[in-house]
Amino acid sequence: MEHLNGSSLSHLDSKNNQGVASSTEDVFVEEEDLLDNSDVAVVIEEAAVGVAEDRAGELTDSEGEDEFIRKYGEINFLYIRKPRESVWFVRPHALNYFKDGILYRTKGERTSEKAELFLDLMYVAIIANLAGEATANASGAALLKYILLFIPAWIIWADVKDFVNYYYNEDLFQRVCLIWYLVLLVLFANSHYDVLKDPRGAAITIVPYMLCRLTLAATLVVYSCYIPELRFQQRVYAASILVTTSLWIPVIFLSTRGKIGMSIAIFVLEQLSFMTIHHPIFKKTFKLRTSTALNIEHEVERFSVFFTIAIGEFLYKIVATGPLGIGFSTKFLRAIFMLLIAYILFWIYNYGSTARKAVHALRHSGVTAILFIYAHLPLIAAIVLAADAGGDLVELDITNLHRKQHHGEEGSVFGHEELIAREEESEHNMYALAFFFGGGLGVAMICLGVLGLLDVSRDPPGTFVLSRFWRVIWRVPVGLIIALLPFAELNSNILMGVIFAILAVLIVFESIVSTPKDFLIDKKIQPTIAA
């Protein structure tokens, strides 16, 4: 997974050494030597700091980037010019990289590309598929299977995300690669049901993931022939992908427990090898003058988009199949609770650290960069699972979430609605669904708390009523309370209502304490005396 590739792990290693070249000529000559007469010419657009700021009424990049910089500070960089445009083949080039402590990047707004948005449509279906299977068979085993299937889906998404961040040029080769990835994802999403059944079921699920990873490795090797700035890291990372991907072959033939244990070990090894190769220590060890770099604005936006996709699962579940019936009912009430919970989660995520000015986690240190990226994995997995479980709780007529259900004696006469409820009860583990819902929301809130604490506030002391820590930390205990609520064995109406009430109090609290004191307390207006 190339999602840490060139993130602030490299950025942070050189941030204290960042500066501006002594002269335009010096940088141009050095870059000319580095690129070995390639078509990518280095152009110093601004001799000082290349930031998106307002100069003579014009922005050097985009208003969106300018807003990002207003909050997270300036980025020292110099511009590079892209190769000539071509429909069929564009010479591979790095959109961002570090050289001798200076960040070089292509000019232009970096938002989600059309290809990424198309991929996101596929992931709307994939995450709904995985969560739907888990909630349909709600149990500890189903939860474990969901996690083990969500991780590879996440890794493929991250690989595409980072490849676009570093090398996107929208030529024919990259378009074909995207279609290839989508075909493999379709196969993965429709074949995972029998992954633990037999070797054939495992192969038809694992092989698509392996092919996605091997495609990335092969592409990095090819691109390394054209991109000398990142050649060493690209080839070492490609080699590590080849080694770790080959380890999946024996997983296909192992027993169920063997599959689970080996899969976890390989996932860990994949990420450890990735972080090692792209960590500043690796760069120092091999004395690399150039290294990978992320466009942080693009990275943050991609995570935000994926989070929004996950939140959309709440809305999908209460609308798509018309599960509420006609008019007002307790189902409608539960659906409104779901809607409000999703809306609150959306705004808490966008509140972030609640700071007006901050050093972003991706830029602050290697540890905060890793935590920022990997905290999104359980965050999104938990939200999707909670949304799907909540949708089932909304749709089902039964509201009893007790661990032990008590059935009437054989031959008892029940009303039609009660008979339907008991049939649903026999098909669903309501207690497990409650834990998927409450536990998922609880984990999500804890992750949102961690994300909120990663940025380093640069607000002057006294700007807010409370410090950043005390504004954000309450997300963690709130998450713990919500995760433990299913133990109370409340019915689904009360469970959803209580969770909504808790989150509503939290969002009101954060909205108040995140407002600067100058806006909370009006200054006294001095009376004016007419002459």
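Predicted model: local features only at pLDDT ≥ 70, side-chain atom pairs only at ≥ 80, totals over all residues.
How much space lies in the second largest cavity? I looked it up, and the answer is about 40 Å³.

**Entry: cavities**

I checked how many cavities of 30 Å³ or more there are, and the count comes to two. I stayed with the second largest cavity and asked which residues line it. My list reads Tyr123, Ile126, Ile127, Leu130, Phe150, Ala153, Trp154 and Phe306.

Next I looked at where these residues sit. Helix H4 (114-136) and helix H5 (140-167) are the elements that each give two or more residues to this lining. H4 gives the most, with four residues.

Then I sorted the lining of the second largest cavity by class. I got eight nonpolar residues, no polar ones and no charged ones.

**Entry: a helix pair**

I moved on to helix H13 (residues 330-351) and helix H17 (residues 430-454). Their axes are 10 Å apart, and the two helices pack at an angle of about 15°. Angles under 35 degrees count as roughly parallel, so I wrote down H13 and H17 as roughly parallel to each other. I also jotted down the handedness: the crossing of H13 and H17 is left-handed.

Which residues make the contact? From H13 I noted Met338, Ile341, Leu345, Ile348 and Tyr349. From H17 I noted Phe437, Leu441, Met445, Leu448 and Leu451. I sorted this contact by class too: 10 residues are nonpolar, none polar and none charged.

**Entry: recap**

The lining of the second largest cavity has no charged residues, and the contact of H13 with H17 has no charged residues either.

Conventions: Residues numbered from 1 in each chain as written. Heavy atoms only, no water. 1 Å grid on protein atoms, 1.4 Å probe; cavity = no way out; pocket = protein on both sides within 12 Å on 5 of 7 lines; lining within 4 Å. Points joined across faces, edges and corners; volume = space filled by probe spheres on them. Nonpolar A, V, L, I, M, F, W, Y, C, P; charged D, E, K, R; others polar. Axes fitted to C-alpha atoms, helices over the stretch in contact; angles between N-to-C directions. Parallel < 35°, antiparallel > 145°, perpendicular 65-115°, else oblique. Left-handed = near helix turned anticlockwise from the far one by under 90°. Contact = heavy atoms within 4.5 Å.
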